[in-house]
Each structure stands twice: as structure tokens, then as C-alpha cells.
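This briefing covers charge pairs, strand pairing, nonpolar cores and ring contacts. Please keep the model open while reading.

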Amino acid sequence: MSDKEAVIRHIGTLETTVVDLQTRLTALKGLGPENGGEGEAVKAQFLEHRLLQLGCPSITHIDAQDPRVPGGVRPNIAAVFPGHSSRKLWILGHMDLVPPGDLASWKTDPWQVHREGDKLFGRGVEDNQQAIVSGLLAAEALRACGVKPDYSLGLVFVSDEENNSFFGIRHILREQADLFSPEDFIVIPDFGRPDGSWIEISEKGHLWMKIEVTGVQAHGSTPEKGSNALIAASAMILRVQNLALNHPERNELFAPPTSTFTPTRRDANVPNINTVPGKDIFYIDCRLLPGLSSDQILQETKVIMEETAAQYAGISVKVSVVSAADAAKPTDEHCETVRRLTQAVQSVYGITPHCVGIGGGTVAAYFRKKGLPAAVWASVDSTCHMPNEFSRISKTIGDAQVLASMLFD
């Protein structure tokens, strides 16, 4: 039996380890301060202890200062298990997660893992603990089998992914960009299909805009004395569709294959029914195909909203940016990372995955902007952020086998 076969076979025996790790990690939460939590420190301490148990000879902290959390630090850990080559397979998982939301929608306590056959239910078990656990399984198998693989295994556990990664991977790439080499293989198990048939190589850019419509408040019985900001804002919301009409470009890598322009949140205006609102605020979520500039869309939006405001007496409008990032250059679907990942998926799951793009964002975008080809892949049911989030034990093990296969020629 080859070293690779021994490692793959051992991973297949680690069902109990999957359940144990998921149970412990879920109980430790990891909510960021934006979500009412104390950060990822306790979770990071557990993971570092686990790495030490696995005999990891190289653990590096690239922590970010954040006075909002106890201890003032958001942890980021990079661990390396040496192979015969200094080239590394990096597996990145994020330690933070989102709140459970409406507890009445959960069948069980979201902070206590509940098992039903192959499924483990709990907040964070898919997003993104499956990635963390799969990486740890690969390391455990290398240790148990006494195998030094052809390539080094790198595990990165980051904070703050759910809130734009300022204290997470963006901090690492600012402070220690040389941690990653263009010769390395970077895989981010944070998106995919249940059968593992998608490899994400590109992400749309995004632009989130805040539209503040100002009029004149008045009594509901004398609306002529005011300027109804709600009516004007409603007209502006309907005009958002003009952005889509102006940009019909298609890229079949994505689903949907066009840029999208979606009115989403609306802030409360007046608290009572019998008042004409003098201010109304809504937001637009834009997902932009590569090559379409967020600044261009911002300027077009300003023109549309100002033209609409001019149709209503006493109405003015302000358009501002909440968050924006243009799309990074896609990862080359023929690069070595994608090729090796494809071969590994074929070997373990017996299917040939195909490359796709997505409208959502992962940390892969930050790697791509640095010229580092990253692939996003996992076998998941996409229950992240939902009540009764779950992951499958068999897929956690299978994904670990795929990732471990990439360590061998």
C-alpha cells in the first residue's frame, strides 16, 4: 500500500473524530463583535491545542488588534506540516460564524450538535467548521500513518470572514503576504455542491449603496404641507431596474449570468401611521460581473436617483457607498491548483467537477487580487446561515480525502 493510500484509508476511519470536533467547535461559538459575540479567541485556543496534539512543528500567529473583544485580539493561525517539498497545499477555514437567528425555527439547540444519521446539525457545522475539520483530518492521518507527503500541508484558521475579513485574511495579506507563494496550492472549502461537482474560480464584484431620500414631514391629514419621502423613495426603487437594462452583459460562468441590482433593506421611517415621512432610507445590493466598475454603477445610480427626485417637489436624495469591491481576475481554470483539485475529486468521488463563478464573496477574492490562484471547493448542501444548518459526516471525510490526495504526486 502506498503512503497516499494509507492516508486516504485512515481518514475513512475518523467518523468519531468528526463528531467530536464538530461538537466541541460548535459549543465554542465564535461570534464576532458585530454579531454580539466576544470574537474567536476561545475557538482559536482549542484549535491551537489540537495542532500541538498533532505534533505540528510550525504554528504562526498573525493576530489583529481589535479593542471591541476581550483581550483586544482577533486570532489568525497558520500551521504547517512539512512535506518533502516546501510548496504547500493551504486549506483555509474561518472560525467566526453568524448568529442562529430565530431560535423558534431551529429543531434543536443551535449550539449543541445534534446527530441524525450522517447529518450533524448546529450553527457553524457547515460554515465553516467542515473546512476546519477536513483539514485537521488530513493532518491527523499524516501523523497516524507516519507519512511525510510530497507537498507540505498548511492549515489557516482566520477570524472575521463574516464581516469583510478586515481582521482576518486581509490582515494576514497586509502584514505577512509572503506567507503564501504563487507556487503554493490554495483551496478554500467554503462553497460547493452536495456532490462536489463545482469548483469556484471567480466571484462577482459587489456594491452596496445607501439611498437617503429627504422631504418634508407633515401630518397625515394635510399631506400637501409636506413632501412625502416614502412616495419618492418608492419611485426610486422601481427605477433600480434601469441599471439592469443598462447592463445586459452575460458571462455563462456565473448563475445568474448577468450582473444583478437588487433593492433590499429599508429602514423604518416614522413610528406612527398619521405622519407623512420626511425621510426614507433604502439600500441596493449590486453584484457585478468582472470588468464592470463599482464606481461606474455608483455614478449611474446617482443620475437615476437625482432625476427621479427632481420629479417630486421638495425632495432631495443622497447616494452613498456602504461597501464596494470590484471583481478580481478569475483563477485560471487550467492552473495547477485547479488541475490537482480536479484529479483529486475524480479519484475520491468518481466525478469530474466543472468550474463556476458565484455572486457571493469568499476570501478567495483577496488572494486573487494578490495574484495568488485560489480555488473554492467543498461538498456541502449549502445550509449556511439557515436554521437547522447541517453538514454530512461522510462528506467531511470525503473532502478530507480529496484534500489529502492533493499532497501526493
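With which residue does Arg-340 form a salt bridge? The partner is Glu-336, and the closest N and O atoms are 3.9 Å apart. The model is predicted: local features need pLDDT of at least 70, side-chain atom pairs count only at pLDDT 80 or more, and totals for chains, interfaces and linings use all residues. Residues are numbered from 1 along each chain as its sequence is written, and side-chain values use heavy atoms, with hydrogens and water left out.

**Salt bridges**

- The structure holds 22 salt bridges, each being a side-chain nitrogen of Lys or Arg within 4 Å of a carboxyl oxygen of Asp or Glu.
- Arg-340 and Glu-336 are four residues apart in helix H9 (residues 336–349), so about one helical turn separates them; helices (H or I, at least four residues) and strands (E, at least two) are DSSP runs, numbered from the N terminus.
- Arg-340 is buried at 8% relative accessible area, while Glu-336 is partly exposed at 27%; buried means under 20%, exposed over 50%, and partly exposed in between (1.4 Å probe, protein chains only).
- Salt bridges with shared partners join Glu-34, Glu-40, Asp-66, Arg-68, Arg-74 and Asp-160 into one network.
- Arg-115 and Glu-15 form a salt bridge at 2.6 Å, N to O.
- This pair links distant parts of the chain, with Arg-115 in strand S6 (residues 114–116) and Glu-15 in helix H2 (residues 15–27), 100 residues apart.
- Arg-115 is partly exposed at 39%, and Glu-15 is partly exposed at 36%.
- Asp-285 and Arg-287 form a salt bridge at 2.7 Å, N to O; Asp-285 is buried at 18% and Arg-287 is buried at 19%.

**Strand S5**

- Seven of the ten residues in strand S5 (residues 85–94) are buried.
- S5 runs parallel to strand S8 (residues 151–158), joined by eight bridges; two strands pair if DSSP finds at least two bridges between them.
- Leu-92 has Val-156 as its bridge partner in S8.
- Three bridges pair S5 with strand S9 (residues 185–188), also in the parallel sense, and there the partner of Ile-91 is Val-187.

**Nonpolar cores**

- The largest nonpolar core has 56 residues, and Leu-51, Leu-136, Leu-153 and Leu-155 have the most contacts inside it; a core is a set of buried Ala, Val, Leu, Ile, Met, Phe, Trp, Tyr and Cys residues joined through side-chain atoms within 4.5 Å.
- Helix H4 (residues 129–145) gives the largest share of this core, eight residues.
- A second, separate core of 24 residues includes Met-209, Phe-261, Phe-282 and Cys-286.

**Rings**

- There are seven aromatic pairs; rings of Phe, Tyr and Trp (its six-membered ring) pair if their centres lie within 6.5 Å, with planes under 30 degrees apart counted as stacked, over 60 as edge-to-face and the rest as tilted.
- Phe-180 and Phe-367 have ring centres 5.0 Å apart and planes at 85°, so the pair is edge-to-face.
- Phe-180 is buried at 5%, and Phe-367 is buried at 1%.
- The rings of Tyr-349 and Trp-377 are tilted, with centres 6.4 Å apart and planes at 45°.
- Ring pairs link Trp-90, Phe-180 and Phe-367 into a cluster.
- The charged end of Lys-119 sits over the ring of Phe-390, 4.4 Å from its centre; this requires NZ of Lys or CZ of Arg within 6 Å of the ring centre and within 35 degrees of the ring normal.
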